[in-house]
Amino acid sequence: APASGAALGHGAALEPLRAALASVAAARAALQAASDAYRAGRTEASPMLEELGRCAALLERLVESRGALEALTGRGYTVDDWRRAAHVNADSILEERQLRAEVLQYGAGATGL
């Protein structure tokens with residue numbers, strides 16, 4: 001079996017990534033709650049759109065850290081290591097696609113697009 005990121009000495013280097021992923025998880029939960037409230041008619045679209053903006057800003061910051069992450073991959077971080085660190089599996093991909101579709105659908109309706 002290939003060595004894990006921790007076994008390759010990437011543990012400390014991965015801490016910012018783990019923190020960012022935790023932030024993404026929290027942002028997704030807040031966006032889901034805002035989307036649910038909007039769909040249930042408990043609120044207008046603006047809270048959901050504000051959460052969407054926060055998620056977009058967070059994702060932009062993650063993209064900006066791409067160079068540091070690519071340096072890790074160049075030192076032997078495998079696809080399996082990435083999947084474990086990011087908690088990526090088929091279910092999470094499908095869930096993310098569904099949430100995106102809902103946000104696009106309701107966001108377009110709220111803004112009149």
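Which helices each supply at least two residues of the lining of the largest pocket? Keep that in mind while we look around; please note that this model is predicted.

**Stop 1: the whole chain**

Switch to a cartoon view and colour by secondary structure. You will find five helices and zero strands, and walking along the sequence gives the pattern α-α-α-α-α. The chain has 113 residues, and 21% of them are buried. Now show the surface: its accessible area is about 7,300 Å², and carbon and sulfur atoms hold 58% of that. If you display contacts with a separation of 6 or more, 69% of them join residues 24 or more positions apart.

**Stop 2: the largest pocket**

Select residues 11-39, 45-64 and 90-111. These are helices H1, H2 and H5, and here is the reply to our opening question: each of them supplies at least two residues of the lining of the largest pocket. The space inside comes to about 700 Å³. To centre your view, pick Val24, Ala25, Arg28, Leu59 and Glu96, which are the closest to the pocket's centre among its 22 lining residues. Next, highlight H5, as this helix gives the most to the lining, with seven residues.

**Stop 3**

Move on to the second largest pocket, with about 200 Å³ of space. Select Leu17, Leu21, Leu62, Val63, Arg66, Leu69, Trp82, Ala86 and Val88 to see its lining. Which elements are involved here, each with at least two residues? They are H1, H2, helix H3 (66-73) and helix H4 (79-86). Colour by class again, and this lining shows eight nonpolar residues, no polar ones and one charged residue.

**Stop 4: Glu102**

For the last stop, go back to helix H5 and click on Glu102. Is Glu102 buried or exposed? Its relative accessible area is 13%, so Glu102 counts as buried, the cut-off being under 20%.

**Before you close the viewer**

How values were computed. Residues are numbered from 1 along each chain as its sequence is written. This is a predicted model: local features need pLDDT of at least 70, side-chain atom pairs count only at pLDDT 80 or more; totals for chains, interfaces and linings use all residues. Side-chain values use heavy atoms; hydrogens and water are left out. Helices (H or I, at least four residues) and strands (E, at least two) are DSSP runs, numbered from the N terminus. Buried means under 20% relative accessible area, exposed over 50%, partly exposed in between (1.4 Å probe, protein chains only). Contact means heavy atoms within 4.5 Å. Accessible areas come from the Shrake-Rupley method with a 1.4 Å probe; for residues, only the protein chains shown count as cover. On a 1 Å grid over the protein atoms alone, a cavity is a set of points where a 1.4 Å probe fits but cannot get out, and a pocket is an open set with protein on both sides within 12 Å along at least five of seven lines; lining residues have an atom within 4 Å of a point. Grid points are joined across faces, edges and corners, and a volume is the space filled by probe spheres set on the points. Ala, Val, Leu, Ile, Met, Phe, Trp, Tyr, Cys and Pro count as nonpolar, Asp, Glu, Lys and Arg as charged, and the others, Gly among them, as polar.
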